[in-house]
Amino acid sequence: MPEEEAAKYAQIHAMMRALVVYMGIQDSDFYGSAPYSEAYRARYGGTLTPKYDTQKELFTQFYNELKEATDVLVNGKSVNGTAIQQTSLGNQDFVYKGDASKWAKFANSLKLKLAVRLLHVDRTWATQIAQDAASHAAGLMTDRADNFIYNQGSEWYYGKEDPAPGYGNINLLQFLVDNKDPRVRFFFQKNDFNSEVVQAYFDAGQELPSYVADKVDYQEVGGKKVFNGWKAPGEPWVRYIGLPVQINASADSQWEQYYDLEQKWLKVTLNGTSKSYTAASYLNMEMYEGNRDYTYPTKPGGTVVQDKEDKPFYGLYMSAGEINLYLAELCQLGILSGSASNYFTAGIRASVEEWNEIATLNQIPYTIEKYDANEALIGLQEGEVDALLQQPAYQLTGGADDLEKIYLQMHFAFILDPWEMYVTMRRSGVPMKGSAYLPYEDFRADGGLFPIPRRATMTEPAKSDQMYDNIMAAYKEQGFSIGNEASKLESERVWYDQGAPAWGAGPNY
């Protein structure tokens, strides 16, 4: 286009560049170097064999693109000293409705993603980037109104397949329940043991699993047990139970009632009808897929009650909770001025409130209606966040464990963002071994070696691949071997991961 015509789309171009950087960071987190500066240029006279930019070169380009994008989104575009009226996407922009100031905050906040990743390998550069972001006129995403929430439309349910959800870790869920952290209700499903199911066990003369029974209050009427209510902390907290992370835990007798391989605890027969139940809590997949169906737990032979209505999927991709916690980290490390405690508190509050919002938008089970009269809805209740912030693990007190607390809050905030959770664990060493809050757990019960990869698996390209030499040279430059040997995947690190602590070792700044 002629210069003046092209200038009308400068802000839209800046928005797209910010998205490319967002995805480029993800790619580089696992693979390190990548074709970027010369990539996708063939149609414009470029090469079909683009070079691999090193991760340092990628981060340099990412930062420069974010600086330019942020400036354009704040200031617009001028040609020969004349400001050019910008074209707006309006409602075609499903995130910010064409609001350039919101996109400016998004682009500026992405700088913090770069900064925290650089802390071990180049603290001076990390400081420069963080201070640029903190001082920029665009501002940062510190308010929930700035959140990047994406919903493509009423027919977009995200899920193309139907993967089985995983269970929550027993210690993680217990920590969240003990502290009455409402996010456990948004991230995980209630288990199957509602009062109707418990009463079915009583009616059948079947013994409840001990970890369920110790939460049930009942009375005997005519020699028969009758459900009377839930013991503290009550519904819905009593319905969130996890499983251990240890390999082959199902074969360990101490977990017999959880896995119930012989179907003595999680299966009940009533009036000739048998039914199996799940006592542990699944990750709530309706936070990822709007076309999931949910069947409410009922007694054997009971009415089948299902939520089968498909809902458009809402995803939270970057948020005030995340950015406030980055600011808390950077202030705690002395890189930025300001109160780490204030940002920490703001980060927790925003995280809880924004995940409640996403759970409500996605209408996950128990946000709108409940099946059993003795159960509670899961939506955020008045005063819950204030009470949460009184818990010791949710306060910075000036102690040596303050940095650990910040990383733990990132850990919780990223439960539905496993990419960012992984990166945070890798760069922080948190959860950490011996923690007074949420200790790191070994995957082997005996504490034996179990390597955990710190990068993605690299495969050898076909010899006929035009990029063969470039790919192999990139592997060599990074010191990466081909294959999935666990010990090598754990020891061979991407550039910015150099110097970061081992898994579970805790912060080493």
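Biologist: How are α4 and α11 oriented to each other?

Modeller: Two packed helices are described by the angle between their axes and the distance between the axes. Here α4 and α11 pack at about 45°, with axes 10 Å apart, and they are therefore oblique to each other. On that scale, angles under 35 degrees are roughly parallel, over 145 roughly antiparallel, 65 to 115 roughly perpendicular, and the rest oblique. The axes are lines fitted to C-alpha atoms, for helices over the stretch in contact, and the angles run from 0 to 180 degrees between N-to-C directions. One caution: this is a predicted model, where local features need pLDDT of at least 70 and side-chain atom pairs count only at pLDDT 80 or more, while totals for chains, interfaces and linings use all residues. Residues are numbered from 1 along each chain as its sequence is written, and side-chain values use heavy atoms, without hydrogens and water.

Biologist: Which residues of α4 and α11 meet?

Modeller: Contact means heavy atoms within 4.5 Å. From α4, Leu112 and Val116 are among the residues that meet α11, whose partners include Ile323, Tyr326 and Leu327.

Biologist: And at what angle do α14 and α15 pack?

Modeller: Helix α14 (residues 402–413) and helix α15 (residues 418–428) pack at about 160°, their axes 9 Å apart. That makes α14 roughly antiparallel to α15. Tyr407, Met410 and His411 are the α14 side of the contact, and Met421 and Thr424 are among the α15 residues they meet.

Biologist: Which residues of helix α16 are buried?

Modeller: Buried means under 20% relative accessible area, exposed over 50%, and partly exposed in between, with a 1.4 Å probe and protein chains only. In α16 (residues 468–478), Tyr468, Ile471, Ala474, Tyr475 and Gln478 are buried. They cover an arc of only 135° around the axis, which puts them on the same side of α16; the arc is that of the directions from the helix axis to the C-beta atoms. Asp469, Lys476 and Glu477, on the other side, are exposed. The buried residues pack against α2 (10–31) and β2 (52–53). Those labels are DSSP runs numbered from the N terminus: helices are H or I with at least four residues, strands E with at least two.

Biologist: What span should helix α5 have?

Modeller: The expected span is 1.5 Å times one less than the number of residues. For the 13 residues of α5 (residues 123–135) that should be 18 Å, and the end C-alpha atoms are 18 Å apart, which agrees. Trp125 and Ile129 are among the buried residues of α5, which pack against α3 (55–75), α4 (100–117) and α11 (320–332).
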